[in-house]
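Good morning, and thank you for making time for this item. Please look at the sequence and the structure as they come up on the screen.

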Amino acid sequence: MNKIGEGISPQSQEKKDLLVLLERAQSRSGYLSQETVAELAESLGLSISEVYGVASFYSFLSIKPQGRNVIRICKSIPCYLKNAQTIIDGVRKEIGIRPGETTADGRFSFQLTNCIGACDRAPAMMVNNDVHGDLTPEKISKILKAYK
Amino acid sequence: MSETRVVLKNCGVIDPEDIATYLDREGFKALKKALKLPGEQVIEEIKASGLRGRGGAGFPCGLKWDLASKAKDDEKYVICNADEGEVGTFKDRYILENDPFSLIEGIAIAGYAIGARKAYIYLRAEYHFLLDVLEKAIVQSKKKGFLKYLDIEIRQGAGAYVCGEESALMDSIEGKRGEVRYRPPFPPTSGLWGKPTIINNVETLMNIPRIMLNGAEWFRGMGTEKSKGTKVFSVSGDVGKPGVYELVLGSRLKELVEGLAGAEKVQAVQVGGATGRIIPYSMLDTPLSFETILGAGAVTVFNETRDIVDMVYRTMKFLAEESCGKCAPCREGTEAMVEILGRFSKGEGLEKDITVLEELADTMMLASMCGLGQAAPIPVMDSLKHFRGAYDQRISQS
């Protein structure tokens, strides 16, 4: 159930809906392509640079193609204190890529992120919209198996 | 020392997906009471309670409402700031997970008091998993007839720390980059789309039904002279029992971190997140209040094995990354501090660096446009004051 922006139709969309429309386009196609940015600019009467400016400002919006699943490991202090580095290393070993990269099969993108508000369950990470806390390197493999 | 659960009184008690369990615990009684009074009288009650904003800035809530209420405009807005991005803070997540109804009741009372027909809850992207419980709670409240006069819409953030700052948050709702605005004008006179707007933190709004139900006098009975009521703290780091704790304002930091959260061998505690104060062990008796230390209630504990300079360096890297970039003192100042602190963390500091850090701090505090840049130097200055030795040891001898 996700009704955010459901009242916005192609006819009624306005400049003020830009962020909602970008969020929606991203959840549809995984990232915001140059075409998507240009189309949105055209339909909202904005310049491409204005739309690009918003699309590139927010860390959960991506202007680069992303894997089907996005792993975000928290690198902020509360997780760092609980050995987040061992989780970062563990994920690296498990899927064979470094933060900032996407696996060749397009299954995972891997990022480091700032505080996700799960400090009571540090170290923590998000996979897509799911939060996984109290992590140990041993748990990683099993968690990632659920994401195809 | 024990907790005093006012804000959290329903957390873990009610079923957040079932409004009936909330109604059994005096749910929406405060709204019914408020609707029988003129809006001004509701505002008077909140003013009299002494409630101050729980998001970090501590602005008097009733005064904010009063300004918005008196602004002449047919269209007004209430915004609930659920963009809980401060490092080490998770209290609002806990509240939303466990008691979304009290929040909705608080928003409904706020809307009635200032004469708004529309409210937004701005929820951070990282809390996407809370959408469902929040939406269900709004639908149920509407069905029961509690939202006749107010439409509540959830807007989702997209990952930007600075959007927790009220003017950046409004720009984000307007579909723009979340950049800070020049002030004045302030939101109560010119906020969302230029209309009178009140922006309140989740925890601030949670206090509203409690005050309306029990009265300003009751609320004023808790806390210190300038800090009334309770505060919800998020405790993490080197503690045995990380979690959310609610204490009467004025309680001591020591009681919270050692007594409740079970910390041992404490070296320092950072109170208020990335831009928060660093309190050495010797000052652990400091009371938690607006007069002393508080912020949004993030409490991160460092034990004796931790390297304070490294902690400050990492914190500054975070702030540099999250600076919106609009004003130079913050954008350039945080980057310059990262460079210097990075050298210190590697043992390559220079004697003159300390003076440069102090000068940068002065400029940033004085000239930054918002709280991010103004407060970014605080951990640097506090650590220089209390842990100067850790810096001196890293001044390069070569």
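I shall speak about the domains and the sheet of chain A, then a helix pair in chain B, and then the interface.

This is a predicted model, in which local features need pLDDT of at least 70 and side-chain atom pairs count only at pLDDT 80 or more, while totals for chains, interfaces and linings use all residues. Residues are numbered from 1 along each chain as its sequence is written, and chains are lettered from A and ligands numbered from 1 in the order in which they are written.

Chain A is divided into domain 1 (1-65) and domain 2 (69-145), with bounds from an automatic or database domain assignment. Their centres, taken over C-alpha atoms, are separated by 27 Å.

Let us turn to the sheet. Chain A has an open sheet of four strands in the order 2-1-3-4, with mixed pairing. Helices (H or I, at least four residues) and strands (E, at least two) are DSSP runs, numbered from the N terminus; two strands pair if DSSP finds at least two bridges between them. Strand 2 (108-113) and strand 4 (130-132) of chain A each have a single partner strand and stand at the edges, so one side of each lacks a neighbour in the sheet. Strand 1 (residues 69-74) of chain A pairs with strand 2 of chain A in the parallel sense over six bridges, and A:Ile73 has A:Leu112 of strand 2 as its bridge partner.

In chain B, the axes of helix 3 (residues 39-49) and helix 6 (residues 100-114) come within 7 Å and cross at roughly 120°. Axes here are lines fitted to C-alpha atoms, for helices over the stretch in contact, and angles run from 0 to 180 degrees between N-to-C directions. Helix 3 of chain B is therefore oblique to helix 6 of chain B, oblique being what remains once angles under 35 degrees count as roughly parallel, over 145 as roughly antiparallel and 65 to 115 as roughly perpendicular. Helix 3 of chain B contributes B:Gly39, B:Val42 and B:Ile43 to the contact, and helix 6 of chain B contributes residues including B:Ile109 and B:Tyr112.

How many residues of chain B are in contact with chain A? There are 39, and they meet 34 residues of chain A, contact meaning that C-beta atoms, placed from the backbone, lie within 7 Å. Helix 12 of chain B gives the largest share of this side of chain B, five residues.

Key: Contact = placed C-beta atoms within 7 Å.
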